[in-house]
Amino acid sequence: MTITFRAVDKPSAELLSNILDIEQEAFGDAALNEYVIVPLMRYGKVYIAVDEDDVPVACAYFMRSMADISVAYLMSVAVLPMFRGQNVGTALLNYALANLKRYGITRVMLTVDPANFNALSVYREKLGFTVVDSVKDEYGPGEDRLVMSKDL
Ligand SMILES: CC(C)(COP(=O)(O)OP(=O)(O)OC[C@H]1O[C@@H](n2cnc3c(N)ncnc32)[C@H](O)[C@@H]1OP(=O)(O)O)[C@@H](O)C(=O)NCCC(=O)NCCS
């Protein structure tokens with residue numbers, strides 16, 4: 001199966017519906033919704049991986065820092081369950097990081113659940129992010145996060 005990657009800046013109803021499905025599959029109640037995803041498409045940066053029929057199988061969302069315009073924050077990345085473990089997430093993020101450089105981004109930050117071993121493997125082992133901080137209760141009681149960074 002050939003997977004290709006691209007940035008999305010104009011949401012079509014069909015594309016948005018597909019992306020919302022990926023989010024639901026990955027995060028359930030904690031999924032990003034259209035009121036976050038559409039602004040990220042228009043004012044942040046959204047990347048998708050699509051199959052041979054141009055159907056999205058993975059997506060990644062970035063916002064730019066207001067404090068330092070050379071910094072972008074990876075808000076979320078998700079791959080449809082049947083495509084996981086096949087390098088799609090890593091390849092999508094590699095594509096995204098290379099593309100972000102064209103916008104003057106020199107550092108990407110993210111946070112990750114310390115127990116999310118698959119995501120940690122992608123960020124640390126495969127993409128070379130390093131842990132720069134550990135924040136307790138970042139998203140509420142018991143929602144600790146590792147803060148990771150990568151210079152592009
Ligand atoms: C985290 C996630 C984006 C990674 O995408 P992916 O396409 O599975 O990533 P890759 O295939 O490039 O790497 C996955 C790594 O996870 C592990 N893995 C192996 N099989 C796996 C599977 N079936 N599913 C998930 N991870 C698997 C491996 O460590 C693999 O590394 P390896 O290839 O060196 O063995 C994806 O698992 C996902 O969507 N998870 C749910 C949402 C999530 O947690 N997002 C990140 C937090 S915001």
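Helices (H or I, at least four residues) and strands (E, at least two) are DSSP runs, numbered from the N terminus. Glu14 lies in helix H1. This is a predicted model, in which local features need pLDDT of at least 70, side-chain atom pairs count only at pLDDT 80 or more, and totals for chains, interfaces and linings use all residues. Residues are numbered from 1 along each chain as its sequence is written.

Glu14 counts as exposed because it has 11 C-beta neighbours inside 10 Å. (With C-beta atoms placed from the backbone, a residue is buried if 20 or more others lie within 10 Å of its own, exposed if 12 or fewer, and partly exposed in between.) Between Glu14 and Met148, 134 residues apart along the chain, the C-alpha separation is 33 Å.

| Item | Value |
|---|---|
| Helix H1 | residues 13–27 |
| Helix H2 | residues 34–43 |
| Angle between H1 and H2 | about 120° |
| Distance between the axes of H1 and H2 | 11 Å |

Axes are lines fitted to C-alpha atoms, for helices over the stretch in contact, and angles run from 0 to 180 degrees between N-to-C directions. H1 is therefore oblique to H2 (under 35 degrees is roughly parallel, over 145 roughly antiparallel, 65 to 115 roughly perpendicular, and the rest oblique). Leu16, Ile19 and Leu20 of H1 meet Glu34, Ile37 and Val38 of H2.

Ile37 is also among the contacts of Val46 beyond four places in sequence, which include Ala7, Leu40 and Cys59 (a contact means C-beta atoms, placed from the backbone, within 7 Å).

Technical notes. Two residues are in contact if their C-beta atoms, placed from the backbone, lie within 7 Å.
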